[in-house]
Amino acid sequence: MAPATHRLIVRLHVLLGLLTVCGEVTVSAGQEAPRFLTVAPGISHTTFDVRPPDGEPFSGHAFRVDLGEAELRLVPASGPSPRQTVEQIASPFPAVVAVNASFFDNDGRAMGLAVSEGRLVATGKRASWGALAVSGTDARIVLGSGISDPLAHRLIIQGIPRLVVGGAVPGLKPQLAERTAVCAAGSRVVIVVANKAESTAFARFLAEPSEKTGLGCSDALNLDGGPSTQLVVRLPALTLSLRGGWGVPNALVATPGKR
């Protein structure tokens with residue numbers, strides 16, 4: 001191979017490794033460590049393509065939200081129905097990253113605790129479920145039993161199971177499904193959406209250190225998945241839409257910049 005040709009191939013390889021998003025074009029990082037690129041003030045994005053040695057491959061998107069620079073809200077469905085699509089819930093926001101959040105019962109009502117902007121919108125606390133709890137710019141994932149005063153928090157969403165606890169993956173029920181999950185540690189929240197992934201393989205990817213091939217989540221919570229999994233992204237640098245199978249009671253909404 002001629003030296004000039006070799007140099008060109010090397011440069012192209014490096015470029016492909018650095019590029020993640022350009023408009024609606026994404027480049028999968030394969031088994032390399034996910035690389036987040038800023039797509040709006042306080043919001044960065046990466047794609048992932050995971051091929052577990054003992055399971056089915058899966059892929060998806062992750063968004064890192066810096067609570068010091070971006071807003072994170074739980075937005076309930078509005079109108080006559082208790083459920084709407086994430087696209088409908090997120091429609092008032094011109095720039096947004098939004099995913100589905102709470103599980104729901106047979107009447108379409110959110111299950112577990114739900115707090116939106118310091119207001120209690122679902123009261124059925126599940127002591128054994130996990131919860132994303134946000135106070136100011138501090139986000140944590142805790143057990144429902146550890147929340148004594150829900151209104152002390154600006155945002156609460158409950159889900160099950162906890163996928164990562166203190167950097168370790170607990171014993172999880174085997175299940176293959178579309179996934180919506182959230183990681184939290186201090187001022188940083190990571191929102192993750194994946195196509196059909198087995199629960200333990202997905203959790204291991206979340207927990208794997210970021211310098212290797214994972215997202216480096218110390219604590220992660222599973223939100224409603226399967227047909228509920230939905231993603232809407234409307235940003236100057238990125239537009240995405242993943243439609244689910246039905247409406248949901250609320251959405252986790254990140255918007256760039258602070259109010």
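Student: What is the order of the strands in the five-stranded open sheet?
Tutor: In this predicted model, the five strands of that open sheet run in the order β9-β8-β12-β10-β11, and their pairing is antiparallel.

Student: Which strands are at the edges there?
Tutor: The edge strands are β9, covering residues 119-124, and β11, covering residues 138-143, and each of them pairs on one side only. Neighbouring strands of this sheet are turned by 15 degrees against each other on average, with direction ignored.

Student: And how many bridges hold β8 and β9 as a pair?
Tutor: Strand β8, which spans residues 112-116, pairs with β9 over five bridges in the antiparallel sense. If you want a place to look in the structure, find G112, which stands opposite G124 in β9.

Student: Ok, now the sheet with seven strands, what's its order?
Tutor: That open sheet has the order β3-β4-β5-β15-β14-β16-β13, again with antiparallel pairing. Its edges are β3 (37-40) and β13 (162-164), and because each has a single partner strand, one side of each is left without a neighbour in the sheet. From one strand to the next, the twist averages 30 degrees.

Student: Which strand does β13 pair with, and over how many bridges?
Tutor: The partner of β13 is strand β16, residues 220-222, and the two pair in the antiparallel sense over two bridges.

Student: How many of the residues in α3 are buried?
Tutor: Eight of the nine residues of α3 are buried, so the helix is mostly covered. The buried ones are S199, T200, A201, F202, A203, F205, L206 and A207, and they pack against β4, β5, β13, β14, β15 and β16.

Student: Switching topic, what is the volume of the largest pocket?
Tutor: The largest pocket has a volume of about 260 Å³. It is lined by 16 residues, and the closest to its centre are I160, P161, Q175, R179 and N222.

Student: Which element gives the largest share of that lining?
Tutor: Strand β14 does, with three residues. By type, the lining of the largest pocket divides into seven nonpolar, five polar and four charged residues.

Student: Why does T180 count as buried?
Tutor: T180 counts as buried because its relative accessibility is 0%, and the cut-off for buried is under 20%.

Student: What does T180 touch, apart from its close neighbours in sequence?
Tutor: Leaving aside neighbours within four places in sequence, T180 is in contact with V99, N100, V192, V193, L221, N222, L223, D224, T229 and Q230. Take V99 as an example: T180 and V99 are 81 residues apart along the chain, yet their C-alpha atoms are separated by 7.5 Å.

Student: And for the whole chain, how many helices and strands are there?
Tutor: The secondary structure of the protein chain comes to three helices and 19 strands. Of its 259 residues, 49% are buried.

Student: What share of the contacts with a separation of 6 or more is between residues 24 or more positions apart?
Tutor: Such pairs account for 64% of those contacts in the protein chain.

Conventions. Residues are numbered from 1 along each chain as its sequence is written. This is a predicted model: local features need pLDDT of at least 70, side-chain atom pairs count only at pLDDT 80 or more; totals for chains, interfaces and linings use all residues. Side-chain values use heavy atoms; hydrogens and water are left out. Two strands pair if DSSP finds at least two bridges between them. Helices (H or I, at least four residues) and strands (E, at least two) are DSSP runs, numbered from the N terminus. Axes are lines fitted to C-alpha atoms, for helices over the stretch in contact, and angles run from 0 to 180 degrees between N-to-C directions. On a 1 Å grid over the protein atoms alone, a cavity is a set of points where a 1.4 Å probe fits but cannot get out, and a pocket is an open set with protein on both sides within 12 Å along at least five of seven lines; lining residues have an atom within 4 Å of a point. Grid points are joined across faces, edges and corners, and a volume is the space filled by probe spheres set on the points. Ala, Val, Leu, Ile, Met, Phe, Trp, Tyr, Cys and Pro count as nonpolar, Asp, Glu, Lys and Arg as charged, and the others, Gly among them, as polar. Buried means under 20% relative accessible area, exposed over 50%, partly exposed in between (1.4 Å probe, protein chains only). Contact means heavy atoms within 4.5 Å.
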